[in-house]
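Have the model open while you read.

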Amino acid sequence: MSSGTFITFEGPDGAGKTTIIKLIAQELNNVLLTREPGGIEIAEQIRRVILDKGNTAMDSRTEALLYAAARRQHLIEKVKPALDKGRVVLCDRFVDSSLAYQGYARGLGMDEVFTINQFAIEDFMPELTIYFDIEPEVGLKRINKNKGREINRLDLEDLDFHKKVREGYHLLMERFPHRIVRIDASGTVDEVFQKTMQLVEAKLAEKKPSI
Ligand code: TMP
């Protein structure tokens with residue numbers, strides 16, 4: 001077992017998680033902040049293919065496999081080595097995104113998508129997953145307001161798709177109640193940050209050896 005701590009952050013588009021994770025990373029020592037799909041060159045290349053607005057012909061299974069491929073490379077090249085060095089790894093999205101987006105919203109089936117991901121992650125799972133919950137209507141409005149943010153192929157999906165993504169996450173919370181903790185992401189940045197920080201600190205404190 002590695003000595004580091006692996007924490008993932010999940011949520012529908014526009015939940016604000018990327019902003020909050022950056023603030024959390026500033027407060028911690030020995031931390032690695034990374035994201036999926038991407039985080040290293042090979043996975044960033046795969047990200048460009050998946051999210052390219054021109055790739056409208058992409059089949060849902062192809063999409064699921066590409067996310068799993070990017071995940072594998074990122075895990076092996078970046079996440080595991082950092083955990084082995086005892087670092088705290090904060091990852092913006094991980095396997096739950098594939099289960100909610102491809103498994104549930106795209107209708108491929110959560111179990112089927114988990115199976116292909118098991119090949120990629122070999123049972124390697126986060127110790128804590130913080131789920132930022134937001135109504136899809138509010139999330140999509142936030143995306144449209146955030147002019148600096150890239151608009152990707154998945155953002156172009158309709159409201160029903162984004163509603164399903166949220167339903168998918170709610171099913172995942174029922175399935176993994178000990179790992180996934182929900183945060184109401186409709187509050188101010190400071191409110192959401194404070195709640196997130198408390199959860200992260202509690203997890204890190206659990207792992208500190210008692211003297
Ligand atoms: P991002 O906007 O959080 O960087 O994520 C890019 C998009 O990819 C976002 O719409 C969520 C989606 N996604 C999936 O559909 N499946 C996955 O496995 C991952 C990691 C992301």
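By class, the lining of the largest pocket splits into 14 nonpolar, 12 polar and 12 charged residues. Here Ala, Val, Leu, Ile, Met, Phe, Trp, Tyr, Cys and Pro count as nonpolar, Asp, Glu, Lys and Arg as charged, and the others, Gly among them, as polar. A pocket is found on a 1 Å grid over the protein atoms alone, as an open set of points where a 1.4 Å probe fits, with protein on both sides within 12 Å along at least five of seven lines; lining residues have an atom within 4 Å of a point.

This is a predicted model, where local features need pLDDT of at least 70, side-chain atom pairs count only at pLDDT 80 or more, and totals for chains, interfaces and linings use all residues. Residues are numbered from 1 along each chain as its sequence is written, and side-chain values use heavy atoms, with hydrogens and water left out.

Back to the pocket: 38 residues line it, and Lys-17, Thr-18, Asp-92, Arg-93 and Arg-149 lie nearest its centre. Its volume is about 940 Å³, meaning the space filled by probe spheres set on grid points joined across faces, edges and corners. α1 (17-27) gives the largest share of the lining, six residues. Helices (H or I, at least four residues) and strands (E, at least two) are DSSP runs, numbered from the N terminus.

And the ligand? It sits in this largest pocket, which takes more than half of its atoms lying within 2 Å of the pocket's grid points. Its shell holds 16 residues, with Asp-13, Tyr-67, Arg-93, Ser-98 and Gln-102 the closest; a residue belongs if one of its heavy atoms lies within 4 Å. In that shell, five residues are nonpolar, four polar and seven charged. α4 gives the most, four residues.

| Side chain | Distance to a ligand oxygen atom |
|---|---|
| Lys-17 | 3.3 Å |
| Arg-47 | 2.9 Å |
| Ser-98 | 2.6 Å |

The protein covers 95% of the 480 Å² of accessible area (Shrake-Rupley, 1.4 Å probe) that the ligand has on its own.

Most residues other than glycine have a negative phi, and most peptide bonds are trans. Arg-93, in the loop between β3 (88-92) and α4, has a positive phi near 80°. The peptide bond from Glu-36 to Pro-37 is cis, with omega near -15°, and Pro-37 is in the loop between β2 and α2.

Methods:
Polar contact = N/O pair within 3.5 Å; in protein donor to acceptor, adjacent residues only side chain to side chain.
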